[in-house]
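Me: Could you take me through the aromatic rings of a protein model, one question at a time?

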Amino acid sequence: RKGNRMKNIFAIIERETKAYFFSPMAYVLILFFIFLSGMAYVFFAFQSHQAELSGIVGFMSTLILFLSPLITMRLFAEERRTGTLEVLLTCPVTETEVVVGKFGSAVLTLIIMLALTAHYPLFLFLFGNPDKGPLWTGYVGLVLLGSCYLSIGLLASSLAKNQIVAAVLAFGVCLILLILSAFSSFVTGNIGDTFKYLSFYDHFEDFIRGVIDTKH
């Protein structure tokens, strides 16, 4: 039974990933991400004159904030609009398998986007002697942060009736959770600590520094 469950999940991941890459949406988003992150990489490299990626990792986290809602907006909203969601749920798969499969395809798309920037740290190793720790933890942080954004986007897509509403809703929630730490400085006590704990940036910041802490 467990084998069938995993088989169903991988089948849904394959189905959704093919749907991404059989349409121009995935290529537009990836090209947009590569172009802007490449421009930022050149800028930070000449600006800092240091063999490190903290600036570009922070910039890529902002790009992922904007692109994640676009990756997830169609996952449920489009299927509901076209009527294929009912067909999918009548197949011998559970709702959990559908959710995990769709989330897995979104994360896979994110990983592909980040994998296409692997030459950034490679150039640093070719022409300098960078600290390996922050390079790897920075990418781990990007995957985890992006996965948080994608999970919120998936929820928004399941609630919204169309893709645009899903994207706007997901972006709004992710943005609020990203900047909550700014509000924590104006609020003291447990409420301020709660805002800081819920802030994505406060958890992501240690990954940029090369620190992996299980509390994040």
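Predicted model: local features only at pLDDT ≥ 70, side-chain atom pairs only at ≥ 80, totals over all residues.

Reply: Residues are numbered from 1 along each chain as its sequence is written, and side-chain values use heavy atoms, with hydrogens and water left out.

Me: How many aromatic pairs does a search of the whole structure find?

Reply: Rings of Phe, Tyr and Trp (its six-membered ring) pair if their centres lie within 6.5 Å; planes under 30 degrees apart count as stacked, over 60 as edge-to-face and the rest as tilted. With the whole structure searched, the number of aromatic pairs is 5.

Me: What is the angle between the planes of Y41 and Y120?

Reply: The centres of these two rings, Y41 and Y120, are 4.5 Å apart. The pair counts as stacked, and the angle between its planes is 10°.

Me: Is Y120 buried or exposed?

Reply: Buried means under 20% relative accessible area, exposed over 50%, and partly exposed in between (1.4 Å probe, protein chains only). Y120 has a relative accessibility of 2%, so Y120 counts as buried.

Me: Which residue has its charged end over the ring of F76?

Reply: A charge sits over a ring if NZ of Lys or CZ of Arg is within 6 Å of the ring centre and within 35 degrees of the ring normal. Over the ring of F76, 5.2 Å from its centre, sits the charged end of K102.

Me: What is the distance of R74 from the ring centre of Y20?

Reply: R74 lies over the face of Y20. Its distance from the ring centre is 5.1 Å.
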